[in-house]
Amino acid sequence: MKIIILSVTKYKDKDAIINAISETGYVSLTAKGILDPKCKNHELNNILSIVDVDFIEGDYKYPIIKRSKILVSPIDLNSDYYMMSTLMLLSESTLHLLEESEYYKVFSSLEQAILSLKAGEDYLKVALIYLARIITISGYQLEFNHCIYCGSKDDIVSFSFAEGGFVCRKCATEDTKNDLSPKQLKLLRATFLVKDYKIPNSVFNKEDGLYLLNKYGEFIEDGLGYKLNSLKLINK
């Protein structure tokens with residue numbers, strides 16, 4: 001079974017409980033001895049590693065890992081502070097913003113995010129796109145192709161999470177928030193609609209990326225009821 005490790009929790013001396021997702025859902029496994037640096041499975045003690053495992057089921061609290069093979073380890077000698085912070089954000093958002101029954105829906109997106117970071121993709125692009133996918137899986141069907149009120153594709157001036165999408169100038173009222181620039185609106189649209197983790201540089205810069213990332217964090221706290229602690233690491 002291919003899994004992505006979300007968290008590792010110490011259990012009985014050098015053993016640990018691995019919480020992970022697979023293509024079919026959430027799984028918890030016992031990993032014997034992985035907290036011992038000499039253990040052959042010690043590499044499992046890294047979050048967001050993509051691993052192929054076989055396990056033994058029986059009269060245990062959790063199935064026990066019998067064999068493991070690391071397919072992708074996102075952490076290596078080239079991993080910098082921002083990559084590590086982004087990995088923490090991916091793990092935290094998956095664990096706390098989705099129901100266990102929804103985990104399988106994000107497996108391919110999370111795998112793609114990890115591979116993109118490993119390949120050197122910009123950490124901010126990966127963070128923005130992954131949070132956009134989490135928001136979508138959480139049930140928010142947002143409109144990015146036209147005004148949510150009149151259907152116009154022209155003169156878009158605002159975006160509202162609460163109302164569900166873009167708002168044009170004609171439909172905007174005094175209460176309509178207008179806190180995103182035209183370029184930020186284009187970037188927001190791209191983060192939700194791209195099929196991979198590549199955003200054109202023509203609509204991306206670091207300042208806009210950080211601004212949107214914090215906007216997503218505010219919405220997630222207000223709409224989903226969870227404050228992403230790892231966001232403050234990326235903002236340093």
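**View 1. Elements that cover helix 1.** In this predicted model, the cover over the buried residues of helix 1 includes strand 1 (2–11), helix 2 (103–118), helix 3 (123–137), helix 5 and helix 6 (231–234). Helix 1 itself runs over residues 81–97 and has 17 residues. From first C-alpha to last it reaches 24 Å, close to the 24 Å expected at 1.5 Å a residue. Its buried residues include Met83, Ser85, Thr86 and Leu87. Leu89, Leu90, Ser91, Glu92, Ser93, Thr94 and Leu97 are buried in helix 1 too.

**View 2. The largest pocket and its lining.** The volume of the largest pocket is about 470 Å³. Two elements give two or more residues to its lining: strand 6 (156–160) and helix 5 (206–224). Helix 5 supplies the largest share, five residues. In total, 19 residues line the pocket. Nearest its centre lie Phe159, Ser160, Phe161, Ala162 and Lys177. By type, the lining holds nine nonpolar, three polar and seven charged residues.

**View 3. Cysteines without a disulfide.** The whole structure has zero disulfides. Cys150 counts as partly exposed, at 37% relative accessibility. Cys171 also has Cys168 as the residue with the closest cysteine sulfur. That sulfur is 3.7 Å from the sulfur of Cys171, too far for a bond.

Methods:
Residues are numbered from 1 along each chain as its sequence is written. This is a predicted model: local features need pLDDT of at least 70, side-chain atom pairs count only at pLDDT 80 or more; totals for chains, interfaces and linings use all residues. Side-chain values use heavy atoms; hydrogens and water are left out. On a 1 Å grid over the protein atoms alone, a cavity is a set of points where a 1.4 Å probe fits but cannot get out, and a pocket is an open set with protein on both sides within 12 Å along at least five of seven lines; lining residues have an atom within 4 Å of a point. Grid points are joined across faces, edges and corners, and a volume is the space filled by probe spheres set on the points. Helices (H or I, at least four residues) and strands (E, at least two) are DSSP runs, numbered from the N terminus. Ala, Val, Leu, Ile, Met, Phe, Trp, Tyr, Cys and Pro count as nonpolar, Asp, Glu, Lys and Arg as charged, and the others, Gly among them, as polar. A disulfide is a pair of cysteine sulfur atoms within 2.5 Å. Buried means under 20% relative accessible area, exposed over 50%, partly exposed in between (1.4 Å probe, protein chains only). The expected span of a helix is 1.5 Å times one less than its number of residues. Contact means heavy atoms within 4.5 Å.
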